[in-house]
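Please open the model in your viewer and keep the sequence panel beside it. The tour below moves from one selection to the next and says what is there.

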Amino acid sequence: MLDRSWAGVFRDCLLEQLPVRDLATGFRDDYGRPTKDIYVAIGALILQQLHDFTDQQTTEAIALNIAWHYALDIRHNSDAYICERTLRNYRKMVLDAGLDQVLFRTLTDKLIKEIGIDTSKQRLDSTAVRSAIGGLTRPEILVEATCKFLRELKRKHPEQYSLVDPEIIRKYVTRTGDVCFGDTRPSESRKRISEAAGNVFKLVEFFQETECSTLESYQLLRKIFHEQCEVSSSGEAPVTVRPPSKTGCDGVINPADPDARYNKHRGTGYLVQIMETYDEEDSEEPDTSITPKPDLITHVAVDPLTMHDKDALTPAFDDTEQRGIKPQELLADSHYGSTECIENGNGRDVEIVAPAQTPKGKLQGKFTLEDFDVDDEGRITRCPAGQRPAETSVAGIRLQVIFMAETCESCPHKDRCPASSVGRSSVRYQYTHDRVRLRLRRMKERGDEFRDRYRWCVGVEATMSRLKYQMGMIRLRVRKMLNITYVATLCALGLNIRRVAAYRSAVG
């Protein structure tokens, strides 16, 4: 049972591949207390994310769970115990050394080789995850950033802390007495945000020429101030708060997690890019005696939530090409299907199969070039109402078609037509050669051949669902980009281990 489970996969395929030598350099043979077995420590960090365990649950599993003992090859009682502090110390060493990416790439490549996975066909998608933060209002962002700075100032520069106005310390640190920011009513928020902005401005100006300006919390306070406030030349109000419409989405939404961002469609958090292999099963009567090989995640990247999906293609190609598992065919949704992305893939010998985005006019209920009849040279031969143009012309950049104004004026579809007669006696419609090629591409995407190839793209949604709900990524217990990347990477590795274990168990 252990051999057929995830424990057997980890022990047989991955345990000896752990990069223990990269961490061993941090220890000495002639000084200090003997450390725990490094294989056990690093392996425990991977298994923690595989099972979505807390630190306490992880230490209990190392001590009591026979599957963990088998996976980590624990043979002595002294290796069957790791305290939570030791676990945190090893996690910090892994993060500082950037070994989370090394672990994922090394061990995933080992699984691909062990099972014989075909990486020529892969699919790519993204999902949003949220860190362990709560939503804050704009006044709360300023207040929490101020508190964070004052606490660090007191801890590292107590002599400079003593120079701060006692009234500011009372309102932001001790929060005692009347009129402190801890008990502000919602009706008073507009007045209090102006007061908080003024206090932040005083602190930023007072410490900008001192050694305190190098503090991380000071840099964050200054960044938030410039995102939320403006310095005015008016003597009555030297500091004004920016309107919400001018603050943008790329600002800090919580000082406790300065890397988290806001996206109108996805909420707050981080963007995780996932690329995985897939295998087409076109047989109408599949052979039940043959177990299909698992789909394995080959690339994981964590980006700001404000980043566009198309910018994730180049890092994904670089990563997989360096490891020798670059796809020849990549399925993705329309966010990766721009002309720029298609050309990027062609330049790397990767065929990107992705639908073009819906034309803006179509979203507005208007006719687009796809609704017109076009010849092989891109000239419009008939409009959606069946009318032929009076004149067509082709230039180096644009194509132009002119319709008779009398005909268009009586057309029942004139409100939906992209052709315009503003300032002219005739009705004109202009479009580019790139638009013609995009029209041809969209027309091909309506065919059965494209749909038959693209239908396998939807399978990546099952992977996203398992990562979020089975591996616990829908709401993480950590914050900041470095930690989010660590968790997302090892969760993806854990899912790969589970899938290989299921495959080995089915094969017998």
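Begin by selecting Ala390, which is partly exposed with a relative accessible area of 48%, where partly exposed lies between buried (under 20% relative accessible area) and exposed (over 50%), computed with a 1.4 Å probe on protein chains only. This is a predicted model, in which local features need pLDDT of at least 70 and side-chain atom pairs count only at pLDDT 80 or more, while totals for chains, interfaces and linings use all residues. Residues are numbered from 1 along each chain as its sequence is written, and side-chain values use heavy atoms, with hydrogens and water left out.

Ala390 sits in the loop between strand E10 (380-382) and strand E11 (391-394); strands (E, at least two residues) and helices (H or I, at least four) are DSSP runs numbered from the N terminus. Show the neighbours of Ala390 next: leaving aside residues up to four places away in sequence, Ala390 touches Ile402, Phe403 and Met404, a contact being heavy atoms within 4.5 Å.

Now move to Glu276, in strand E5 (residues 267-277). Is Glu276 buried or exposed? Glu276 counts as buried because its relative accessibility is 0%. Display its side chain together with those of two arginines: the side chain of Glu276 makes a polar contact with the side chain of Arg123 at 2.8 Å and another with the side chain of Arg499 at 3.1 Å. A polar contact is a pair of N or O atoms within 3.5 Å; within protein, one must be able to donate a hydrogen and the other to accept it, and residues adjacent in sequence count only if both atoms are side-chain atoms. Beyond four places in sequence, the residues that Glu276 touches include Lys121, Asp295, Ile297, Val460 and Thr463.

The next selection is helix H10 (residues 166-174), whose buried residues are Ile168, Ile169, Lys171 and Tyr172. Just after H10, look at Arg175, which takes a positive phi of about 55°.

Finally, zoom out to the whole protein chain, which holds 21 helices and 13 strands. Of its 508 residues, 44% count as buried, and the C-alpha atoms fill a box of roughly 90 × 80 × 35 Å along the principal axes.
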